[in-house]
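The following note sets out several points for a student who is reading a protein structure for the first time. Please keep the sequence and the structure in view while working through them.

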Amino acid sequence: MMATEQTTNAILTARFAKMTNPAEVPTYVDLAGYQGLQKATTLDTAVLLNELETAGLISRSGTGENIAAQWQALAKAKGQTKYVVCNANEGEPGSFKDKALIQKDPLAVIEGMTIAAYFLKASQGYLYVQGEFPEFIENFATALNNAKAAHYLGTNILGIPGFNFDIQIMVSGGGYVENVADAMIPALEGRVGKPGRKVNLVKRGLYGAPTLVHDPETFANIPVILRLGGSAYRDLGAKDAGGTILVSLSGQFQHPGLYEVALGTPVQDILYQADYGGGSTTGKPFKFIHVGGQAGALATPAQLVDCAYTYSDFHAQHLTIGCGVIVAMDDSVGVVDYLEKVAAFYCAESCGKCLAGRVGSVRIKEQLQKFQRHAGVPGDLRYFAHTVDHVAERSLCPVGQSIGNAIFSGMKLFPDEFKQSINWDAPETKEVPW
Amino acid sequence: MATKLKSKTMPTQYGRLVDCFDIEAENGQDERSRSEKKTAARRFLVDLQLSDHKIECFGCPSNGNCQIQQDALATGIYRTTFDVPKHSTVGAMDTSSPFIDYDPEKCILCGRCVSACHLKQNRNVLSIAGRGFNTQVAADFGNKINDSICESCGNCVFACPTGALTAKDHRKYRDWETTKMQTTCPYCGSGCQINMIVRNGEIVDAEPANGAANKNMLCVKGRFAAYRFAASKDRLTKPLIKRNGKFEKASWDEALDYVANRFSQLKADYGADSLAGFSCSRSINEDNYALQKMVRVGFGTNNVDNCARVCHAPSVHGLGTTLGSGAMTNTVKDITTDVDVILLIGSNTTEAHPVIGAQIRGAVRNGTKLIVIDPRKIDLTNIATLHLQQKGGTNVALLNGMMNVIINEGLADEKFIAERTEGYEKMKALVADYTPEKVAKICGLEPTEIIKAAEMYARADKAPIVYCLGVTEHSFGTEGVMSISNLALLVGKVGKPGCGINPLRGQNNVQGACDMGCSPFDLPGYQKLNDPKTLPKFEKAWGTKLNPDIGMTSTQVLPAAKTGKIKGLFIFGEDPLVTDPNTSAVREELASLDFLVVHELFMTETAQMADVVLPGLSYLEKEGTFTNTERRVQRVHQVMKPLSGVMDDFKVFCEIAKRMGGKMDFATTSDIMDEIAAVDPAYGGISFDRLKAHPNDGLQWPCTSPTDPGTPILHVDRFTRPGGKAVFMTLPYEAPNELPNDDYPFMLCTGRELYHYNTRAYSERTPGIREKAGKGRDLSYIEINQINAAEMGISDGDKVRVSSRRGTIESYAAVGDVVQPDAAFMTFHFPDGNSNFLTNPATDDIAKCPDYKVCAIKIEPVKA
């Protein structure tokens with residue numbers, strides 16, 4: 001784990017450095033822990049929902065859902081049994097915020113889930129977590145046991161009759177696609193983690209019951225909102241969304257690592273300020289940054305001069321904040337080489353279910369490798385563009401559908417690098433049949 | 001709650017953030033319109049699929065019937081435009097199975113085979129394994145198909161839309177050269193519909209058809225072994241007369257005259273009752289009807305029987321007595337769809353009736369609870385809620401015990417008992433004695449198991465009883481059947497959907513052979529000889545005088561041959577030397593006959609002892625009908641030309657009867673069915689013409705008039721027994737005829753296995769079957785418990801000597817925990833160690849069915 005920096009308004013990482021054993025309940029309670037849950041149990045559900053709405057919390061998993069609207073839909077959903085699921089299957093390369101929370105402040109995630117359970121009258125929760133990090137799982141399990149021993153989990157929580165909630169850890173086999181509910185729900189049910197039927201979490205989620213699914217960061221925000229109040233939380237952030245967000249900086253940053261950033265902070269600050277990324281290791285300006293993870297798009301720093309780190313500003317640039325990933329590269333990196341690695345990631349993480357994802361990702365990678373060898377001929381670039389476009393259109397789930405984001409943005413920003421890989425004197429060999 | 005919040009979901013975070021950018025176009029603008037892109041997408045996907053496909057259409061069995069070819073044709077993409085450095089990374093072709101090939105490089109991973117395996121066959125062998133580009137269909141955990149638990153049913157092959165999963169038989173023909181003809185499977189009584197695939201008059205393959213009983217499924221025998229035997233080179237083609245100990249070829253005229261003369265002479269010398277005929281329950285109804293008519297009209301005796309005698313005769317007699325009709329009361333679909341509990345007694349369904357077994361597995365997958373009562377740990381016990389592994393031969397005690405529990409707990413259906421049954425009080429008094437504690441001791445079970453089973457069955461809304469030869473083939477088999485009837489009547493689970501008493505008939509047409517009157521007690525349609533109305537009716541219909549005396553069963557005929565009471569015997573398609581208990585005695589009995597005629601497809605062991613052997617025709621060469629276990633009369637079609645020079649079987653019977661002075665003639669099998677309809681009320685509405693309109697579901701008897709749609713469930717309003725009420729029988733438990741002692745310490749049970757069928761006349765002529773059968777050795781085996789094996793120093797596969805009071809054979813040990821300690825199990829399929837040298841010919845008193853399921857043996861290791 002890389003260095004974790006504090007900002008003045010830290011709400012998610014505030015406890016990180018102060019706790020020697022983050023799984024211990026008393027330490028957590030001393031540091032404002034469980035105040036959110038206490039508050040929640042005194043509130044009427046409508047009021048609680050109102051707080052969430054005022055807070056303007058947007059899902060930090062990358063899907064961009066409005067949390068208040070989602071909670072309301074689930075509260076209304078028919079069904080005696082409802083589930084609360086925390087999807088900690090953080091598979092995005094360059095993202096390490098959920099692992100940090102699970103490791104350094106597990107009780108905040110547990111408290112968030114417990115509030116959700118109180119709100120939805122759910123009695124069973126699951127933590128779906130990658131098996132690659134057994135020490136995190138162990139830490140989380142200890143926190144669960146401690147919470148149970150302190151009666152923050154189990155039966156009659158806080159002495160409220162009928163407020164029963166427990167959390168079970170489900171270890172995943174790993175798989176990028178399992179960040180998508182369509183694949184995560186079957187995996188949680190003990191089946192293969194591939195998208196099968198379209199999962200509607202409100203109507204038919206886990207075991208056919210309404211299911212609330214968030215990432216750990218979103219859950220960790222819930223107690224803060226209740227503790228500070230919706231409007232105070234909102235004031236921390238920007239006009240379109242409240243609060244702070246964990247940003248994972250990696251690539252050629254001077255100071256790579258995890259940062260808690262208020263939504264609305266200028267992007268230039270995050271990239272270059274000494275408190276944050278601190279510019280490139282080589283001192284040269286960044287050539288491009290890749291935001292939002294592998295599924296996001298590339299951008300040049302110049303493009304983001306007046307851009308704040310907010311959802312709406314990013315969207316205007318056809319970018320995404322996603323799960324808070326920023327990968328930065330300086331001009332020593334060729335864009336074709338970079339994109340070949342992105343394509344290789346898609347090949348490795350294709351679940352194999354649909355033809356476009358399974359075979360298409362491989363064909364895209366092969367064509368990028370051809371460009372790396374400068375073996376292209378006229379017509380190849382169009383053939384390549386159409387291949388990527390069709391794969392993105394014909395993939396079954398958001399994994400394959402997002403394959404074009406990095407590639408097309410890269411082609412748009414650096415067309416010359418692609419053109420260099422073509423022998424323009426060679427005869428055009430192939431007409432694109434599709 | 002507040003008004004619905006406006007879902008301020010942020011605009012798409014992932015998905016398509018960036019549009020297609022075409023560097024080679026002006027401004028990078030993608031020039032295609034939306035609709036152009038949409039139509040191009042299909043071409044793209046076909047191209048993509050072809051880039052990962054082994055294209056060798058000329059060598060591919062699915063050429064001409066392939067989803068990829070169709071898509072290529074529809075899009076005009078015939079070869080991939082990708083520069084493909086390599087095909088997919090999946091493994092090489094799996095040709096390990098004797099029946100099925102899997103080529104992962106031709107697989108489109110549609111998952112239909114997996115669905116067929118999981119949801120139809122319910123075997124869960126195949127699954128989609130691996131990720132991304134390495135995804136492929138795997139058997140078990142990535143084994144070769146032949147090393148997996150695959151049963152080679154071939155239903156995955158039928159589901160495959162490309163050449164990935166293909167039958168080995170398919171390598172040699174292409175679909176466009178062939179035609180399909182539907183017929184009924186000739187193996188067990190399930191009555192599966194098969195499409196025979198014919199090229200130039202030769203059957204080259206078979207695939208499932210959508211019959212009512214099989215729903216597009218087949219088992220390994222039906223799929224791969226139902227046709228090769230008919231084209232086998234060792235078929236009999238000419239009548240053979242034994243002269244000076246040697247068979248000599250003869251013309252039909254000569255042979256038929258000889259047969260008729262010899263039988264006539266014996267009849268003149270010793271009387272009509274010195275003759276007998278055994279009919280063939282593998283053959284069509286029409287042949288069976290003609291044979292019994294030949295025996296009754298030509299021979300002038302009622303000494304006619306069929307092989308139901310050695311399997312389900314107790315069901316016919318037992319259920320005939322208690323309910324009035326000795327057949328399965330409900331349909332296969334009915335007892336495996338949406339039922340709460342299935343009570344399975346003495347049936348190794350997944351091996352003996354594999355397609356019904358698969359449907360039981362399906363029912364369990366859908367939530368049905370399964371109770372298995374069987375002394376062996378059969379395959380279905382793996383998914384059973386409860387397995388009562390009782391000692392062999394204790395059925396009656398166990399069933400009495402269950403009834404005791406039901407009565408004591410007040411679970412009996414008093415209303416049903418009062419309104420629709422008689423004899424209850426007497427039975428109630430008897431079973432009061434059979435407390436669970438007492439019964440548990442007899443059966444070697446825990447009392448709680450008996451109580452739980454009784455409660456589960458009695459409390460269920462819909463609970464059919466399914467049983468098979470584990471109930472009937474005992475020295476008290478009929479009593480066992482009647483006990484089952486008692487149990488079902490006690491809780492009122494008869495005459496209702498999803499309930500009933502369901503004997504699974506062993507052979508394709510054993511139900512039909514019984515229906516046709518191939519029985520010494522009954523004329524066609526179970527019309528009793530001892531009913532004064534029966535004989536005049538048939539004398540009028542057949543225009544001849546009939547013998548009024550009840551005849552002898554097959555199990556009585558053979559011993560009577562030795563005593564000289566029976567002099568002449570006509571055997572149609574049976575091989576008693578292999579199938580009947582105590583082989584040494586059967587050989588002596590057959591040898592003491594004056595004149596033996598065997599009408600057969602092949603030179604069987606029995607045929608070798610005959611004086612005259614007549615060649616017969618297989619089911620593939622006839623038009624006719626089979627009646628399956630659920631009373632469904634289904635068509636059998638002539639798929640191939642009859643073997644040259646071989647007469648129609650029914651014509652042979654007509655000729656013999658005529659030459660013996662009987663009045664009997666038929667032109668076609670359709671005419672025979674018309675006569676059956678005229679004399680048997682249950683078949684009254686059935687004709688070939690009408691069956692044409694029911695190609696997939698046939699007609700279920702009773703079907704009394706041309707407008708009667710048939711009867712799926714028997715006894716709905718009243719029982720067919722005279723008076724309309726069912727009767728409870730009072731049946732005390734009696735120990736089996738032969739129990740183990742110090743000299744013969746093991747209790748032997750016999751049965752069938754999945755791959756071979758009975759005498760294996762059909763199955764052994766398919767080479768792949770022999771690769772899979774007999775634990776992969778095609779040799780006999782005896783299942784022994786591991787505890788006994790360890791005590792005797794026997795390891796799996798060791799040669800052992802097995803002896804009973806009647807004979808000794810050598811076989812190979814199959815050590816495991818399928819049988820209990822001190823028990824053993826053998827099949828009678830293998831000539832190297834036929835269990836019938838050991839089995840006990842003692843029969844039950846009513847149906848005269850021998851006790852194949854219990855005999856005492858000893859086992860000794862054979863030192864190499």
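Over the face of which residue does Lys438(B) lie? Lys438(B) lies over the face of Tyr434(B), at 4.6 Å from the ring centre.

1. Basis of the note. This is a predicted model, in which local features need pLDDT of at least 70 and side-chain atom pairs count only at pLDDT 80 or more, while totals for chains, interfaces and linings use all residues. Residues are numbered from 1 along each chain as its sequence is written, chains are lettered from A and ligands numbered from 1 in the order in which they are written, and side-chain values use heavy atoms, with hydrogens and water left out.

2. Charges over rings. A charge sits over a ring if NZ of Lys or CZ of Arg is within 6 Å of the ring centre and within 35 degrees of the ring normal. Besides the pair in the opening question, the charged end of Lys493(B) sits over the ring of Tyr457(B), 5.4 Å from its centre.

3. The sheet of chain A. Two strands (E, DSSP runs of at least two residues, numbered from the N terminus) pair if DSSP finds at least two bridges between them. In chain A, four strands form an open sheet with parallel pairing, in the order β4-β3-β2-β5. Its edge strands, β4 (166-172) and β5 (211-214), each pair on one side only. Direction ignored, neighbouring strands are turned by 20 degrees against each other on average; the axes are lines fitted to C-alpha atoms. Within chain A, β2 (residues 83-88) and β3 (residues 124-130) run parallel and are joined by six bridges. Opposite Asn87(A) stands Tyr128(A) in β3(A).

4. Two helices. Helices are DSSP runs of H or I with at least four residues, and the expected span is 1.5 Å times one less than the number of residues. Helix α13 (residues 335-349) of chain A has 15 residues and reaches 21 Å from its first C-alpha to its last, close to the 21 Å expected. Because 11 of its 15 residues are buried, α13(A) is largely enclosed by the rest of the structure; buried means under 20% relative accessible area (1.4 Å probe, protein chains only), exposed over 50%, and partly exposed in between. Among these buried residues are Tyr338(A), Phe345(A) and Glu349(A). In chain B, helix α12 (residues 395-408) has 14 residues and reaches 20 Å, close to the 20 Å expected. As 13 of the 14 residues of α12(B) are buried, this helix too is largely enclosed by the rest of the structure. Gly410(B), with a positive phi near 70 degrees, follows α12(B).

5. Aromatic pairs. Rings of Phe, Tyr and Trp (its six-membered ring) pair if their centres lie within 6.5 Å; planes under 30 degrees apart count as stacked, over 60 as edge-to-face and the rest as tilted. The whole structure holds 41 such pairs over all chains. One of them is edge-to-face, with Tyr309(A) and Phe314(A) 5.2 Å apart centre to centre and 85 degrees between the planes. Tyr309(A) is buried at 0% relative accessibility, and Phe314(A) is buried at 0%. Phe538(B) and Trp542(B) form an edge-to-face pair at 5.1 Å and 65 degrees. These two residues are about one helical turn apart, because they are four residues apart in helix α20 (residues 534-542) of chain B. Ring pairs also link Tyr187(B), Phe229(B), Tyr619(B), Phe626(B), Tyr757(B) and Tyr762(B) into a cluster.

Note on methods: Axes fitted to C-alpha atoms, helices over the stretch in contact; angles between N-to-C directions.
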